[in-house]
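Hi,

Here is the structure I promised to pass on.

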Amino acid sequence: MSSEGPGNSAKIAMGAVGGLGCLASPAVLLGTVVVVIILGGLGVLLYPLIVLIQLFGGGGTEPAIEAKKVVEVLQGDGKGELDPAQVPADLLESIKAAGALCEAIGPVVVAAQLDRESGFDPNKVGPEGEEGISQLAPAVFTQFGEDDDDNGKVSAFDAADSIMAQGRHLCALAGEVQGLVDSGQAIGTVLDLTLAAYNTNVEAVRQAGGIPAVNRTTGYVVSIRAMFAKYEGIGAPPPSFPPTTPPATPTPTPTAPSSPDPTPSPNASP
């Protein structure tokens, strides 16, 4: 995550996620903005998470105004316009396509997940066998993966295949949690419950009646939301990324043959 410029920076300093609503309290403190977010979907504070995200507010932007934008986006639906400068150029179209597969998910959500899951590293292997840029379990990728880059193979290590599988998986989860919300079995926004199900599973969401009140899951939802402003380009500078394709093997440069020694050998015939 980017951290630049201590002057006009906005910090999201505490968050907790639920689903029925949001209470936000921005305060200006020593040139930074500390925003306390409490999202109490089940009427309780599920998990206070300290998230350190610094966004510089260049061009003379007032810190309080910048903080307000960050809070609004953090509490939003993740369907804002994706800032192309925040994602690797060769992945932009795949991220847009994955974010357009269903109404519940937007490109900003997909980009934030990629950042959280792998830091845009297409070759990452997770501690539990998750593979590729989207860090899907092999069984999940087998279910949702297709040859989206038309290279004749389906691989979790092909960034386009992985990102589109991520989008299909998210949309499938969104459909399932929508059913839980409609039937009264879970309380919360479809987006938050989808992210929670992505981190755990739909059954865990159903049993909890919403976002499971465990650190891993509530922290995951907050961490994704906390990056919405970044991927909408609010105050965030263009980042650097790991290469998304293997580097080309350099072609050896031919060397000219060495010139013969002009000095005659002492054994040479006169």
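Asp115 is buried, at 16% relative accessible area (buried means under 20%, exposed over 50%, partly exposed in between, with a 1.4 Å probe and protein chains only). Its salt-bridge partner is Lys230, with the closest N and O atoms 2.9 Å apart; a salt bridge here is a side-chain nitrogen of Lys or Arg within 4 Å of a carboxyl oxygen of Asp or Glu. Lys230 is in helix α9 and Asp115 in helix α3, 115 residues apart. Lys230 is buried too, at 7%.

Bear in mind that this is a predicted model: local features need pLDDT of at least 70, side-chain atom pairs count only at pLDDT 80 or more, and totals for chains, interfaces and linings use all residues. Residues are numbered from 1 along each chain as its sequence is written, and side-chain values use heavy atoms, leaving out hydrogens and water.

The count comes to 6 salt bridges. Another one joins Glu203 and Arg206 at 2.5 Å, N to O. These two sit 3 residues apart in helix α7 (residues 202–208), so about one helical turn separates them (helices are DSSP runs of H or I, at least four residues, strands are runs of E, at least two, and both are numbered from the N terminus). Glu203 is partly exposed at 37% relative accessibility, and Arg206 is partly exposed at 35%. Glu146, Asp148 and Arg168 are linked in a salt-bridge network.

Cheers
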